[in-house]
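Work through these exercises with the structure open beside you. Try each task before you read its solution.

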Amino acid sequence: MADKKKSAKAQLIDLRGRDVITTQEFSVAELEAILALALEMKKNRYSERHAKLMLRQTFTMLFYNPSLRTRQSFEAAATELGGHAQFLEPKAMRLKSVSGKKDSAGESIHDAAKVIARYSTGMGIRILENSVDKYGDGNWLLREYAKFADIPVLNMADDIYHPCQGLADNMGMRLNVPQGESTRGKTLLQTWASGKLARSYCSVHESLLINSRLGMNIRLAFPKGYELPDTRVLDAVRENCKRAGTKFEMINDPLAGYEGSDYVYSRNWFGPDFYQIGKDAEIARASDRKYKDWICDERKMKIAGPNAKFIHPMPVDEEHEVTPEVNRGPRSIIMDIAECRLHVQKALMAMTICGVKMQGGRIIWPKK
Amino acid sequence: MADKKKSAKAQLIDLRGRDVITTQEFSVAELEAILALALEMKKNRYSERHAKLMLRQTFTMLFYNPSLRTRQSFEAAATELGGHAQFLEPKAMRLKSVSGKKDSAGESIHDAAKVIARYSTGMGIRILENSVDKYGDGNWLLREYAKFADIPVLNMADDIYHPCQGLADNMGMRLNVPQGESTRGKTLLQTWASGKLARSYCSVHESLLINSRLGMNIRLAFPKGYELPDTRVLDAVRENCKRAGTKFEMINDPLAGYEGSDYVYSRNWFGPDFYQIGKDAEIARASDRKYKDWICDERKMKIAGPNAKFIHPMPVDEEHEVTPEVNRGPRSIIMDIAECRLHVQKALMAMTICGVKMQGGRIIWPKK
Amino acid sequence: MADKKKSAKAQLIDLRGRDVITTQEFSVAELEAILALALEMKKNRYSERHAKLMLRQTFTMLFYNPSLRTRQSFEAAATELGGHAQFLEPKAMRLKSVSGKKDSAGESIHDAAKVIARYSTGMGIRILENSVDKYGDGNWLLREYAKFADIPVLNMADDIYHPCQGLADNMGMRLNVPQGESTRGKTLLQTWASGKLARSYCSVHESLLINSRLGMNIRLAFPKGYELPDTRVLDAVRENCKRAGTKFEMINDPLAGYEGSDYVYSRNWFGPDFYQIGKDAEIARASDRKYKDWICDERKMKIAGPNAKFIHPMPVDEEHEVTPEVNRGPRSIIMDIAECRLHVQKALMAMTICGVKMQGGRIIWPKK
């Protein structure tokens, strides 16, 4: 996982056949190549050139958990690349349970993955905490599919990672940086928020991972009791900042992180004991009045600064995570980020499934 | 809502960006333009020219209520225009409840609408009485989406209106008018029927609205207790007839309306107290023997006349709304009307989403 | 149903408009033509020529029962032919119950079939034993649709037949025959297996029917109590073998059928009293220790011979029907067979819907 340095700029980036589990498993040069291609995808949306890449090919989407944004953006991505995304819900499939207990009836992941690869040229999987027994089992399932499928497996959000969201977050911030500036060296406040949705860690993890890789200072704010429990992720973020020469801070105050932050990402996540206490108890706790200051509002955004932007992976829980004034106001770049989901996913599919390569910012389209 | 007169025939009809909530919000010239384009869509189905209009674009369908005809026809319409329709069921989406109570968790319509507009170039919504608390809330929701979405919103049936069905009804009748004649001046019998499906008002409303706009005499027949409660709709129908110089009659007899009617539209609808008494009580009441004469049969159709046709938006509740003899016999034009759903929807999408314009019956295709 | 003989090789095979209910209703020459076209579909997958066949046309899939393989392969088939497959679940449709009781509300099969034919150029239906009251009702429903639909109806598995699986089984074996040899004259062991999935007869029936038609010796093995109850199917298989000059044997031993078999198809099916005792009782019975030898394992496969192959229509119930060692090992050709589902379905759609003809192994593409 050693990052390629700037000297390697003319390096050929070829991701054909690669699985996409987390951005942390890609080099900085690879991430930059994906983002450069995504920008091209945005500029020339609906171009004939893109439309030939997956012409009449099938992309299989397995949704263990439902989703609006992810389904919409992946299905549109396949359509715009000339292909077709199939929407499958494993509950309609006779699959062995996720835990893979030997005694249960149904098809093995081995067989399911191999047969999908006969019909499709790529597949995406979404599986969150409420479809598994314990933290990490969703990611384990994804890696099982990736082990057996002879086609690229793209993570459409699991219980640890959400690489497409992370790439979209970074791309959306780049699109909204003051003219002539870059997100490198800017500061991202990643703050916990109260709320009623008991949210997974994956978007938060991935934001911390990719934005620290790509040169941003990271401020992670949360109240006592809402520590992020996955120390491997936190260690990686710390190491990413060290390599990039940026700062990583942890803050236990709802206001202290705002001053000087360029981007504020205010989002609920559940506590480390979520898998024991369950969703209802978590929601009751996170909605408690004692957390009422853990909301992003205009007053705090003013402290952040005149150009500070609000970001969020959506869906937004207004009145808890952020006020409507901020969420729907000029500081909010959430729609740009949502749109970037489409572009980064098209870029990922183009590179891993269709063989588009990048070299020094130049796109190398596949022959024919 | 002033109707354009015949002198305005060479008027340019440009509907790009328009929402389609009810036909009543379109001028007569606009409705005629849509129907003329729909006829072209029918004549040259699968033409290359149509296929470029939505090439690889996404049309998002939100189904709060399931449907066969509507889904099939909209999905086929998008396919035939070169695009792709995504089938989404809001129950799989984390949306705030329809009533929009502030306290509920989930995404706002504001956010849902705006993000759909980033992935799609048009959207359709279907929401009927059983997904809302009171009459009109479905239409309210649709208008909320339309307010925030930066793309055309098409009504795929709400609790008041069903513009695509209304357009298809009129087009289907036109296709089945005696040679050299027109539906203008013909008489439509819109009659209540007994039955077990407790049907919404939307198809009936829209039939009354568009057919009165487009020059037909209207006979509205129903037993006491089954008045259409929306007086704004009835007032509009009355006004439409007045402007068109045609007759509007209300009849409380199951037979009296037949004589001299050119088209018979026999369909159940629920009583004005449906939202209070609920579906089961409504079905029990409407199936009562005292309503057994409220069925369209061959004997009555003979009274209507040798050329009288049976129409219905489907699905048909045979043995209650109409006998199989009529429904499946030579007087029935329900399949033509069902097919017209496809053509009018393609025309609406082509004009509102893709920028096809009409002028004096001539089609102006968008550049490139 | 008289088989065309070899002398008729240059016969023109034209299946346009034909329904596909079971392979038994096609002549041997027709089956050979379908398989020859399927091979071309495999060799030139994603070819432009195929893509013009269903260009922007809709194929409607009605799934009374869910399925992974069938949905994936039909949806991909439509995509690769340039069209689009709509996935519909009748539970979301307001249809009369399958039994067609006069009193029930909802749409008739007559109407549903006729309207689907207005939107689509072909349709597929899947309906298994658990959606009907008694054996044969699923097939009856399919034939009802076929009677009324003005487009080809393809059987995506009913409670008696599964023609696409049968064709794929035969094609997959052909692809895995020793160089220079043919499946004609080879021996297929069709053996019952223990298990927890209480499986339908359709795949087994169709395998017996098509492989006996196309010249294979058939060994049918099952324990007492697991006789196949449909004597018409068994009579047809016996007659097929007689005409083809091959052997048909019934065996009541889990091992005796292996020696000399070229292909082993080990799969559970439910007992003749399944419709009375229900799924749970059937699963309990079939999982009993007394059936523990009814599994295909490497030891038995060695007895079959060094080149013997394992086949199965998937999903495989490992540890009950077959050991993972065999299922995932070099003898297993289940993935090839699964892939052949796609190719035979494309061939069937191309011939019945799109008018591709075959003559003496030569493909006659439709004009334009």
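Axes are lines fitted to C-alpha atoms, for helices over the stretch in contact, and angles run from 0 to 180 degrees between N-to-C directions. Keep in mind that this is a predicted model.

**Exercise 1. Describe how helices α7 and α8 of chain C pack.**

Step 1. Locate the helices. α7 of chain C spans residues 202-213, and α8 of chain C spans residues 231-244.

Step 2. Take the geometry. The axes of the two helices lie 8 Å apart, at an angle of about 20 degrees.

Step 3. Classify the angle. Angles under 35 degrees count as roughly parallel. Therefore α7(C) is roughly parallel to α8(C).

Step 4. The crossing of α7(C) past α8(C) is left-handed.

Step 5. List the residues. α7(C) contributes C:His205, C:Leu208, C:Leu209, C:Ser212 and C:Arg213. Facing them in α8(C) are C:Val233, C:Ala236, C:Val237, C:Asn240, C:Cys241 and C:Ala244.

Step 6. Sort them by class. The contact of α7(C) with α8(C) has 7 nonpolar, 3 polar and 1 charged residues.

**Exercise 2. Work out the strand order of the open sheet of 3 strands in chain B.**

Step 1. Strands of a sheet pair through backbone hydrogen bonds, either parallel or antiparallel.

Step 2. Read the order. In chain B it is β1-β11-β12, and the pairing is antiparallel.

Step 3. Pick out the edges. β1 (12-13) and β12 (362-364) of chain B each pair on one side only.

Step 4. Inspect one pair. β1(B) and β11 (residues 357-359) of chain B are joined by 2 bridges. In one of these strands, β11(B), B:Gln359 is the bridge partner of B:Leu12.

**Exercise 3. Which elements supply the sides of chain A and chain C that touch chain B?**

Step 1. Start with chain A. Its 25 residues contact 23 residues of chain B. α3 (69-80) and α13 (334-352) of chain A give two or more residues each. The largest share, 7 residues, comes from α3(A).

Step 2. Sort the chain A side. It divides into 12 nonpolar, 4 polar and 9 charged residues.

Step 3. Turn to chain C. The contact takes 23 residues from chain C and 25 residues from chain B. β2 (58-63), β3 (84-88) and α4 (109-119) of chain C each supply at least two residues of the chain C side. α4(C) gives the most, with 7 residues.

Step 4. Sort the chain C side. It has 8 nonpolar, 8 polar and 7 charged residues.

**Exercise 4. Check the backbone at A:Pro315, C:Pro315 and B:Glu319.**

Step 1. Examine chain A. The peptide bond joining A:Met314 and A:Pro315 is cis, with omega about -5 degrees. A:Pro315 sits in the loop between β10 (309-311) and α12 (324-327) of chain A.

Step 2. Examine chain C. A cis peptide bond runs from C:Met314 to C:Pro315, with omega near -5 degrees. C:Pro315 is in the loop between β10 (309-311) and α12 (324-327) of chain C.

Step 3. Examine chain B. B:Glu319 is not glycine, yet its phi is positive, near 80 degrees. B:Glu319 lies in the loop between β10 (309-311) and α11 (324-327) of chain B.

Methods
Residues numbered from 1 in each chain as written. Chains lettered and ligands numbered in written order. Predicted model: local features only at pLDDT ≥ 70, side-chain atom pairs only at ≥ 80, totals over all residues. Helix = DSSP H or I, 4+ residues; strand = E, 2+ residues; numbered from the N terminus. Parallel < 35°, antiparallel > 145°, perpendicular 65-115°, else oblique. Left-handed = near helix turned anticlockwise from the far one by under 90°. Contact = placed C-beta atoms within 7 Å. Nonpolar A, V, L, I, M, F, W, Y, C, P; charged D, E, K, R; others polar. Pairing = 2+ DSSP bridges.
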